[in-house]
Amino acid sequence: MAAKQFLLSLTLLVLIYLSSVVAAWAQDWKTVKGVVMDTVANTTLAQVTIQTEDGVIQSTSLENGTFSIAVPDQSTHLIFSLEGYETMKLEVEDKISIKVHLTAVANRKGKYLNQGYGYTSRDQVTSAFSVLNAQEFNLGNINDPAELWMAKVAGLGVYKKGDDPNAEALMRIRGLISLENNVSPLIVIDNVVAASLENLDPNDIENIQVLRDGAAAAIYGIRGSQGVILIETKKGQRNTPVSVNYRGYVAAATVSNEHPALNREEYLSVGGNDLGSDTNWQDEVAKTGISQMHHISVSGGSNNTIYRASVNYRDINGILKNSGFDQVNARIGLTQFALKNKLKINLNSSYTDRNIDYSFVEAFRYATVSNPTQPIKFDNGNYYQPIIFDNFNPMAILDLNVNEGKRQIINFNLQMDYAISDHISIYANYAQQNRTELNGEYYSRSSFFRGYYRGGLASRYTSDDNFRLFESYLNYNNEFGKVILDFTAGYSYQQSEFEDIYMELGNFPNDQLGYNALQNAADLLSVTDEEADIQSYTSPRDKVVAFFGRFNLNIGENIFVNGSLRREGSSKLGTDNQWGSFPAIGAGINLNNFLNFNFLNELKFRTGFGVTGALPDQSGLSQSIYQYYTDNGGIIVQTNAANPDLGWEEKREWNFGLDFRLADKLSGSFDLYRRKIDNLIVQSRLEEEGRRLNVYQNSGALKTNGFEFHLRYNQLKIGDITWTSDLVLNSYKTTLEKYPVDSGMVGWAGAPGQGSLRFLKFEVDQELGQFWGPLFSGDINLSGAQELVDINGDGQLLTFPSAALLPDGDYVVLGNGFPDYELGFSNYFSFKNWHLNFLFRGIFGHSLINTQRYFYEPIDPGAINSYNRVITEKAVEGLTFSQFSSLYVEKADFFSLENISLGYELSFNQSSALKSIILNFTVQNAFTLTNYTGLDPEPNLIDFGPTDNGSSIRNRSAELMAPGIDRRNEYFPARTYTFGLQATF
């Protein structure tokens, strides 16, 4: 349905565009071309508005400062304007090619910024607000848009552990805001709330604007607690000729780090059995991942219609065999102006089709511990598969089994903006998005990994997720002497639905049909409950309804005040607590207008307070939940009790900030914040009529204090060399203020042999993320076990797992999974036609539990024939017994050259068909400095628990209170080399 609506609207707008072109060119025209430069910096200026004196015909300069505008022959002057620069009126009566120089004004205000449901100028911002343009994005083989801004924005953390091409990066703004629910920022793409990043190609992004504090995000109400990322996509420009842009690259990814497993000779020297081969399993399962990307965009516009269309193809391959995806993405944007520019209509649509090879990350795990003398296959071609608990032939896993899927996403967005008068305008926005997914897995009858003991195992999963959005608001703007008032009032309605089904079946006669054997429904009639598993889920029709308002006051360009209020309700919440109010207030003052420091352009103090909320991820948590079981002919059992009082999670945040700018060169900001999150949704146990039921209640609270710092030096010139640098630094600490129990343990260790052990302790009034365990003295006893420290000195050593919470247990804090400081240092150099960009990234203060060492570093004579060993520089000689202690908790501070790119630009005559070519070479993950002995020192902020002996994490919820566990099922890190080409026609 959405595709049909898109095609009809597209056809209509194309017809309008063609008719406007024919009418416009019925008169005599001339084309004026040129480039716009900064007078002082001598750099090109993008987004400069070029228009005729009557304002009817307009155009905009491109990224390289060039412009082209078609005007009637009788036009004698053009006006060039850019906020922050003096407007220039230039005579062009007999000119067809010109160079224009604009001069920055002393009190540069900067570009207008999207603040959510409206725009404001940079000098009026009173909240923690960041902007990042496309020219500042990370380069290379980047397929997840979130990686574009990794380490680029203060307070916005982007984390990706390992380089699985099918895994999304984790994003957090100012740390943890929930214990059970989604903690990722709210994404708004071209004013569409909750739009999918999966349906957005990185090449189509113009800029992002990040609302980091409560005062800025409160306008989004019960979805603003995580912070908000506003994304604007690239658009065409008015009165510009057709421009064709091609971007492409070829990339090669190689394993950058692997586990120090014993080779054949080392393994035999410690008593391992000799099976006659010499196999480097980590090399066998890995490969050089060759990827390619091709992106073509076409843009341009007349005086009344502008357009941009793009199509992208990606063939991405990871460093694990059989991992990667193929993807086609298309996006189109049309804008129509009418009624003397009073009416503006935007149509945006995008479509993504991705075919995915998930592969099996378990192959990396078992490659580390497989016997290096074991052959891959027998002489007859069958795979050598030992019958050992939690140890499988990794090549058999990859070659005998299938794990793949496909995903389609389409969205459609129609926006209207109409200026009723010079002071009043109305805006309306309608959007739809639909996401479908279909996955299939098949485990061969001959695969000991999940398949053999089930007679083959097939599964299919499909889901459908969609939403519809309608929003409208009225804006009023006017000046009253030295006071400028901007007021907005609006309405928002969003409806979403989700359903899925999972089917699993075993006991096949052969492997010929793979997971497609499930399509024969007759197979289900002859299998037992143990051979089949069918699950389905359908959500209620979730609705979010809101009324909102906001005002901005500019008092004499010195004092700025703004406030907002959103009244919002959600059907996900209990019937007695569905509505909430989310206010915000902020103020700023430009102190330099009173202090008159000649060396300062800006010194602004700002402060703000805002209330935001968060919804549960699942629907129906406030209602009674029942499940059907096939026992005794089929029974329905209640599992969850209803809670009509279940409400939203509420965050109250105070922010204090200081912005400064010196001579338009050195600028920066510093923010201090404190946030209190109440009414956290927590699952508890309830005794009701002799039954133990789960119930979701608002029974938790968190407190976070932190700071953020951003420093930028803009265009330091040394001869022909220009250098711009950005430094971002942030830190935060989160404390558990309230919970249903005073303390507890989380983070299950897993098998073999550690079923009851938990790694982390949570306790009310203490920091979250604390590792809790015995302290290693540094000595080994005669039994080959660690000598542990008697913490309380009572002469009794209580270090077994059940003693973790005892008052006299010998446990101590061993580290913390959350980092103390995060650093990003970006640098942009240019020398004539050469460009060099590089990003340093550092994260400090966090620790990781190295579970590979914990399970496989002690050389146990009784287990050496079952599992290979991992021997690091921290290995203790003579240790033969595995026991968790401080020995396996490692500081994971690191400093890395995350991204470095060298480019060369060739420019051609603007009258030629080919305007420019840019060649670049990029290295991602060039080097990392760390003392951590595991694969990757990246923080691991969520945990899905262990997977042992072929088990899966499917249907597991993320444990947000258990950061820092470096699990054995980790995709290896990669170093990627990319050669890219960009051509503009």
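**Contacts, burial and strand pairing**

Me: Which residues is Thr-373 in contact with, leaving aside its neighbours within four places in sequence?
Reply: Arg-264, Tyr-267, Leu-268, Asn-273, Asp-274, Leu-275, Gly-276 and Ser-277. Contact here means heavy atoms within 4.5 Å. This is a predicted model, where local features need pLDDT of at least 70 and side-chain atom pairs count only at pLDDT 80 or more, while totals for chains, interfaces and linings use all residues. Residues are numbered from 1 along each chain as its sequence is written, and side-chain values use heavy atoms, leaving out hydrogens and water.

Me: Why is Thr-373 called buried?
Reply: Its relative accessibility is 0%, and buried means under 20% relative accessible area (over 50% is exposed, in between is partly exposed; 1.4 Å probe, protein chains only). So Thr-373 counts as buried. As for its place, Thr-373 lies in the loop between α5 (362-369) and α6 (394-400); helices are DSSP runs of H or I with at least four residues, strands are E runs of at least two, and both are numbered from the N terminus.

Me: And what makes Asp-399 partly exposed?
Reply: Asp-399 has 42% relative accessibility, so it counts as partly exposed. Asp-399 is in helix α6.

Me: What makes the Asp-399 and Tyr-383 side chains a polar contact?
Reply: They are joined at 2.4 Å. A polar contact needs a pair of N or O atoms within 3.5 Å; within protein, one must be able to donate a hydrogen and the other to accept it, and residues adjacent in sequence count only if both atoms are side-chain atoms. Thr-305 has one too: its side chain meets that of Gln-336 at 2.4 Å.

Me: Why is Thr-305 called buried?
Reply: Its relative accessible area is 2%, so buried is the word. Thr-305 sits in strand β19 (residues 305-317).

Me: How do you know that β23 and β24 pair?
Reply: Pairing takes at least two DSSP bridges between two strands, and β23 (residues 424-443) has 20 to β24 (residues 457-480), running antiparallel. Gln-432 stands opposite Arg-468 in β24. β24 also pairs with β25 (residues 483-506), antiparallel over 24 bridges. In the β24 and β25 hairpin, with 2 residues between the strands, Gly-481 has a positive phi near 65 degrees.

Me: What puts β10 and β14 at the edges?
Reply: The open sheet of 5 strands runs β10-β15-β16-β13-β14, with mixed pairing. β10 (129-133) and β14 (192-193) each have a single partner strand, so one side of each is left without a neighbour in the sheet. β13 (residues 186-189) pairs with β14 over 2 bridges, antiparallel.
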